[in-house]
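Biologist: Could you walk me through reading aromatic pairs, cores and cavities in a model? I'd like the general idea, and then the case at hand.

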Amino acid sequence: MGFDLESLTDATSGAIGSLVSTTILYPLDTCKTKYQAELAAKHQRRKYRNIADVFWEAVSTGRVLSLYQGLGTKNLQSFISSFIYFYEYSLLRRLYLEKTGKKTIGTKANLIVAAAAGACTVILTQPLDTAASRMQTSAFGKSKGLWETLSEGTWSEAFDGLGISILLTSNPAIQYTAFDQLKQRLLQKKLSIKSVTDSSPESLSAFSAFVLGAVSKCFATCITYPAIRCKVMLQSADSDENGITDIELRNKRTVSAVASAIWKKEGFWGFFKGLGAQNLKTILSSALLLMVKEKIAKTAWVLILALTRYFSGKHARLKSV
């Protein structure tokens with residue numbers, strides 16, 4: 001087969017981990033996104049004081065299930081983007097090590113590899129990301145389907161926030177670089193006593209993966225949060241639920257217009273509105289993703305290896321006939 005086995009294993013386990021974490025934490029993600037999307041001047045009364053207000057709105061109106069609006073689209077986007085990202089990241093990382101002859105990858109090289117993989121991923125999945133954000137910020141019970149959401153505007157609008165999404169590839173780049181560096185140090189002792197005959201990839205314990213995932217994601221999120229807030233605002237500019245009345249923002253759909261609107265209405269700290277909610281959601285999500293990924297990595301490796309040998313053997317038999 002033409003696929004790199006270890007990269008395919010990383011991609012499969014990463015995509016499954018993303019699917020699990022996205023599904024479990026989706027109500028929190030919806031509350032977080034609706035809270036981030038609201039824009040109001042300091043003297044104006046806010047609809048949401050925190051993410052708990054979003055949750056209680058859903059409960060009080062009998063629309064708890066609406067916290068899951070857009071889940072299918074988000075799961076599709078998460079699965080595809082994680083599969084592409086982890087495959088490209090693992091493959092590029094292995095190619096770098098083979099070309100340089102080094103045993104480990106340095107921090108700078110790791111950042112470049114992670115950013116390159118992330119940039120390719122967001123270009124391919126941006127329409128799904130934009131649609132998911134619009135569905136989440138719609139009024140509870142009024143969210144439209146994926147195709148209807150995408151077909152409402154032009155294809156250029158489906159790529160709203162692409163530039164800032166590419167900029168935000170620095171987030172997973174920082175996260176996974178920090179995670180890999182910490183992971184390598186943690187596994188040094190285990191690798192030294194690992195059996196020579198065991199060729200399967202080493203993995204962290206569930207607890208270690210959870211902790212390292214949380215620490216690395218928190219670090220990355222704090223650094224990149226102003227761009228994250230601007231991206232949410234940009235993708236939900238058409239929503240009547242977020243309090244945006246700035247015609248310039250709705251028409252221009254640029255990062256500068258979003259940044260200007262936040263600065264005028266909420267000031268400097270407006271760029272960090274929802275940071276706590278973002279950290280809570282992304283830390284739990286990334287920690288769960290990496291925990292699941294680490295725990296199923298060996299199983300995925302064995303299954304993919306078995307399938308590879310099966311299809312290789314089948315191809316050889318057909319060829320001999």
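Biologist: Let's start with a ring. Is Phe-268 buried, partly exposed or exposed?

Modeller: A quick reminder that this is a predicted model. Phe-268 has 45% relative accessibility, so it counts as partly exposed, since that class runs between 20% and 50%. Phe-272 is partly exposed as well, with a relative accessible area of 26%. Trp-269, at 65%, is exposed.

Biologist: How should I describe the way such rings sit together?

Modeller: In general, a pair of aromatic rings is described by the distance of the centres and the angle of the planes. Here, Phe-268 and Phe-272 form a tilted pair, 5.7 Å centre to centre with 50° between the planes. The rings of Trp-269 and Phe-272 have centres 6.0 Å apart and planes at 55°, so this pair is tilted too.

Biologist: Which residues do ring pairs link into a cluster with these?

Modeller: Tyr-225 joins Phe-268, Trp-269 and Phe-272 in a cluster linked by ring pairs. The count for the model comes to seven aromatic pairs.

Biologist: Now the interior. What is the idea behind a nonpolar core?

Modeller: In soluble globular proteins, nonpolar side chains tend to be buried together. In this model, the largest nonpolar core has 22 residues, and those with the most contacts inside it are Tyr-85, Phe-86, Tyr-89, Tyr-176 and Leu-204.

Biologist: Which elements supply at least two residues each to this core?

Modeller: They are α1, α3, α4, α8, α9 and α12. The most comes from α3, which gives five residues. There is also a second, separate core of 13 residues, with Leu-39, Ile-164, Ile-228 and Ala-261 among them.

Biologist: What does Phe-86 touch, leaving out residues up to four places away in sequence?

Modeller: Phe-86 touches Ser-7, Asp-10, Ala-11, Gly-14, Tyr-176, Leu-289 and Lys-293.

Biologist: And how many cavities of 30 Å³ or more does a search of the whole structure find?

Modeller: The search finds two. The largest cavity has a volume of about 980 Å³. It is lined by 42 residues, and the closest to its centre are Lys-74, Gln-77, Lys-217, Lys-231 and Lys-281.

Biologist: Where in the fold does that lining come from, and what is its make-up by class?

Modeller: Two or more lining residues come from each of α1 (5-37), α3 (71-100), α4 (107-136), α8 (170-192), α9 (206-235) and α12 (275-320). By class, the lining has 11 nonpolar, 24 polar and seven charged residues.

Definitions and conventions: Residues numbered from 1 in each chain as written. Predicted model: local features only at pLDDT ≥ 70, side-chain atom pairs only at ≥ 80, totals over all residues. Heavy atoms only, no water. 1 Å grid on protein atoms, 1.4 Å probe; cavity = no way out; pocket = protein on both sides within 12 Å on 5 of 7 lines; lining within 4 Å. Points joined across faces, edges and corners; volume = space filled by probe spheres on them. Helix = DSSP H or I, 4+ residues; strand = E, 2+ residues; numbered from the N terminus. Nonpolar A, V, L, I, M, F, W, Y, C, P; charged D, E, K, R; others polar. Core = buried A, V, L, I, M, F, W, Y, C linked by side-chain atoms within 4.5 Å. Buried < 20%, exposed > 50% of the residue type's maximum accessible area, 1.4 Å probe, protein only. Contact = heavy atoms within 4.5 Å. Phe/Tyr/Trp six-rings, centres within 6.5 Å; stacked < 30°, edge-to-face > 60°.
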